[in-house]
Structure formats: structure tokens, C-alpha cells
Amino acid sequence: MSQPAVVPFELTPAISRSLRPSPTLYLNERVNQMWADGETVYHLGFGESRFPVHPKIQAALRANVHQKSYLAGQGLAELRGAAADFYSRHMDATITPAQVIIGPGSKSIIYATQMALDADLILPTPSWVSYAPQADLLGKPVYHVPSSSDDFYDLDMEALDATVRRSQGRNKMLLITSPNNPTGLMLRPDFLRELADYCRAQGIVVVSDEIYALVPHAHAEHVSISRYYPEGTVVLGGLSKHLSLGGWRVGVGIVPAHEAAARLMMALRVVAGEIWSTPTGPVQYAAITAFSGDPEIEAYIAECRDLHEIRTQYIWRELTAQGYRIKQPDGAFYMLPILNGQRDALARLGVSTSTELAAYLLDNYQIAALPGTAFSAPEAELCLRLASSYLDMETDAKADEILAAYRSGVDADTLMRDHHPATNAALARFGDFMAALG
Ligand SMILES: Cc1ncc(COP(=O)(O)O)c(C=O)c1O
């Protein structure tokens with residue numbers, strides 16, 4: 001019998017391009033191998049908020065396990081109402097349920113928005129790992145706004161304008177993230193006002209990823225660009241970060257309150273309807289409690305925010321004292337050390353790219369961190385994204401222990417000194433590395 005013909009599972013060009021080896025692949029494989037071999041790894045590459053699920057939200061999920069029906073593509077009406085009220089309060093805005101869509105994580109809504117809008121993507125550098133790959137999957141042109149390590153990669157208006165002029169498309173969308181992943185920095189009100197004026201004048205849609213909005217640090221208030229550009233901004237939020245519910249997949253999209261934006265909402269509903277139908281039913285019912293404004297849950301959000309701040313600022317302070325160049329984070333649980341100043345010493349170790357830098361730290365100091373390249377930074381920029389969220393909270397029991405210590409009233413220094421052995425061990429490694437660089 002002749003051989004059956006080989007069935008050609010031929011991939012689309014867009015997907016084929018996206019299958020290129022990821023710079024984080026080596027890191028993940030190495031970390032998993034080291035763990036399998038019983039080795040210690042100080043994992044600062046893993047950006048996941050790991051506090052326990054609040055008991056009232058757990059109870060709400062349990063009470064709704066029987067909810068089995070398909071729900072509306074835009075999300076459960078009662079949940080959209082609760083989310084509209086929640087964000088109206090927290091953003092000091094008036095948001096109606098009609099402006100809100102609930103998706104399986106905000107990532108899906110960002111993708112749907114990119115799919116729906118016929119616009120080139122204008123992307124600050126560095127920026128979160130998924131925005132550009134999503135655009136690539138959609139065949140959407142991406143224009144990166146160049147930035148300089150001298151200014152800690154701040155978004156610069158002149159560079160933005162030059163990028164907008166370079167873009168060929170009739171329409172443009174600008175994707176901003178504040179607080180930012182990978183830098184932990186926030187865009188300040190003055191800058192947002194200027195950016196809003198610019199985008200209004202140019203007719204640019206702003207997609208504002210504010211998934212970390214409820215994790216600001218005390219010295220920096222979070223302000224949404226939608227305050228200054230309500231008619232042109234799509235805001236993204238959700239439960240993944242401030243309530244540590246990433247795996248529950250509850251994302252929120254908020255579109256402006258006018259007719260053109262209502263058409264965008266219709267488009268998002270079409271994408272939702274044709275791809276995910278609706279986020280998981282019981283989770284949506286439970287999420288109503290998460291957005292309810294219940295004083296105990298609001299207090300818990302504040303507590304988690306404070307602990308993220310204490311842990312993140314401690315690492316920033318200690319690394320800065322060791323000689324690392326890092327701009328003080330304003331929120332979330334990230335920071336971006338820049339080692340361009342150590343370029344010569346690193347070159348002597350065979351390190352000339354951020355990918356090599358991440359690999360070197362893992363191989364020689366057991367420190368896992370993501371290279372700047374994962375965030376679309378040029379290879380030669382020797383920067384690393386550190387996440388403070390994982391160390392010493394690797395298990396639920398450890399997270400409970402840190403929460404209990406914090407609730408017992410210990411001061412921040414004692415909390416960090418006595419309850420964060422892995423964080424302190426990782427910092428000692430960083431100190432050794434800086435000493436070795438000279
Ligand atoms: C900047 C940023 N946006 C969006 C997301 C995705 O969040 P979600 O869980 O809502 O999809 C993340 C998660 O890591 C993120 O860091």
C-alpha cells in the first residue's frame with residue numbers, strides 16, 4: 001500500500017512569523033531544569049500577584065458553582081454594573097454599564113480592540129510582552145517609539161511625534177501602560193494632559209492599559225489619561241493584579257460614551273461572540289462581589305497594595321545602594337535595572353545583550369529575570385525586568401505568613417528583614433554580581 005499523503009498543516013504567514021524562538025524560552029527552560037534538579041533559583045522573572053483569594057470572593061464562587069448557562073457576550077449585566085460603579089469610584093469618573101465589556105482577562109480585550117480598530121499600533125519602548133505579538137498575529141503594523149536609557153526609557157513627545165509621522169496607516173492607536181510593566185513607572189498628570197492634547201489633535205485612539213491602577217505606591221497617585229481624553233480613550237482593567245486573580249480570567253474594557261465608541265463596543269461583542277462567547281459563568285457571578293465595594297474587600301485591596309509597595313521599594317532601595325541604576329517604581333511590582341554603565345565589564349564576561357545578561361545571571365548567580373528584549377527593547381540595551389511579586393510568596397502558606405506578619409503590626413523594615421529570606425538572599429547575590437563587575 002502506498003504511504004498516505006502527508007497532510008499539510010500549513011500555518012499562516014502571521015503565525016509562522018510568531019513561532020520564532022522567544023528570548024524568554026531559554027530562561028524558562030533553564031529555570032524549570034534547575035528546579036527539577038533541586039537547585040535554588042531566585043525567581044524575579046515571574047510577575048504574578050500571589051496573595052490569597054479573599055474569603056468573601058471564595059464564598060461567592062462556591063455559591064455560584066451551579067451557574068451553568070451561557071451568558072451575554074459583553075458580560076453578565078449585573079457584573080458590568082458592579083464594574084462600572086467600581087471604576088467610576090476609583091477613577092472619579094462616570095461610567096455606565098453600556099461602556100463596559102467583561103472578557104476572559106484584559107489581554108483578550110486588548111487583542112479584540114487591536115482586531116477591531118483599523119489603526120497602526122504605536123508602541124512605546126519598552127512595553128509589555130504581548131502587545132506587539134498580538135499585532136503581529138493580526139498583521140497590524142507596529143511602530144515602536146524609540147527611547148533612551150539616559151531618561152530611563154521615558155515616553156518622549158518628540159519621539160512619539162516622529163513615530164506617528166513614520167506610520168503609514170490612515171489611523172493610529174497608541175497603547176500606553178501606567179503603572180508600567182516592565183518599569184513600574186507611572187505617567188504623571190502633566191504629561192498625560194500634554195499627551196491627551198496631542199492625541200486629540202492627531203485623532204489618535206489611546207488604549208490605556210491600567211491593569212495595575214489599584215497597585216500604586218504612596219508617593220505616586222494613579223491618574224488615567226481618560227480624565228483628559230475621555231472621548232478617545234479605551235481603558236483596560238480587571239481583577240488579575242489587585243486581587244491576585246490572574247487565573248480567574250476577569251478583564252474589563254471601558255470604551256468612551258459616544259456613538260463611534262458604541263460601534264467599537266459592538267465590534268468587541270462580535271469578536272467575543274465568535275471566539276470566547278463569554279467569560280466563565282461562576283467566575284463572573286463571583287466577580288460581582290469583587291467589584292461590589294465591600295469595605296472588607298476594599299481594605300484587602302489596600303493591604304495587598306501596601307505589601308507590594310513595601311516589597312518592591314525595599315528591593316529598589318537595596319539594589320540602588322549596591323550601585324544598580326534603577327528609576328524608583330511608582331506602582332505595581334516591577335523595576336528595570338539598567339546596566340549600560342557596566343557595559344565594558346560585562347563585555348569582558350562575554351555579555352553584550354540583555355538576553356546574554358539574563359542568561360549569565362541565571363547560570364552564575366541563580367537569579368532569574370527577564371531580558372529587556374522580551375519587552376521590545378533593543379538587544380544592546382542592558383536592562384532587565386525584575387518582578388518582586390514571587391520571592392518569599394512561592395506558596396499560599398508563605399503568602400499567608402507574610403500577610404499575618406504584616407497584620408501583626410511589624411514595621412516595614414522588620415517585615416523585610418525577618419520574613420523575606422529568599423528576597424534577602426537574592427539581594428546578596430546581586431551585591432556579589434555588582435562587586436564582581438567592579
Ligand atoms: C501590562 C499588562 N497588561 C495586561 C496583562 C494581562 O492581564 P489579564 O490577566 O487581565 O489578561 C498583564 C499581565 O501580566 C500585564 O502585565
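**Figure 1. A nonpolar patch on the surface.** Leu11, Ile15, Leu19 and Leu137 come together here as a nonpolar patch with about 340 Å² of accessible area. To join a patch, a residue needs over 30% relative accessible area and no salt bridge, with nonpolar side chains (Val, Leu, Ile, Met, Phe, Trp, Tyr) linked within 5 Å and like charges within 9 Å. A salt bridge here is a side-chain nitrogen of Lys or Arg within 4 Å of a carboxyl oxygen of Asp or Glu. Areas follow the Shrake-Rupley method with a 1.4 Å probe, and for residues only the protein chains shown count as cover. Leu11 sits in the segment before helix 1 (13–18); helices (H or I, at least four residues) and strands (E, at least two) are DSSP runs numbered from the N terminus. Leu11 is partly exposed because its relative accessibility is 44%, given that buried means under 20%, exposed over 50%, and partly exposed in between (1.4 Å probe, protein chains only).

This is a predicted model, so local features need pLDDT of at least 70 and side-chain atom pairs count only at pLDDT 80 or more, while totals for chains, interfaces and linings use all residues. Residues are numbered from 1 along each chain as its sequence is written, and side-chain values use heavy atoms, with hydrogens and water left out.

**Figure 2. Strands 3 and 4, side by side.** Strand 3 (residues 120–124) runs parallel to strand 4, and four bridges join them. Pro124 has Val145 of strand 4 as its bridge partner. Which residues of strand 4 are on its covered face? Tyr143 and Val145 are, while Val142 and His144 lie on the uncovered one. In a regular strand, side chains alternate between the two faces of the sheet.

**Figure 3. Two cis peptide bonds.** One joins Thr125 and Pro126, with omega about -5°, and Pro126 belongs to the loop between strand 3 and helix 6. Another joins Ser178 and Pro179, again with omega about -5°; look for Pro179 in the loop between strand 5 (172–177) and helix 8 (189–202).

**Figure 4. Tyr153 and its positive phi.** Tyr153 isn't a glycine, yet its phi is positive, near 60°. You'll find Tyr153 in the loop between strand 4 and helix 7 (157–166). With a relative accessible area of 7%, Tyr153 is buried.

Definitions and conventions:
Pairing = 2+ DSSP bridges.
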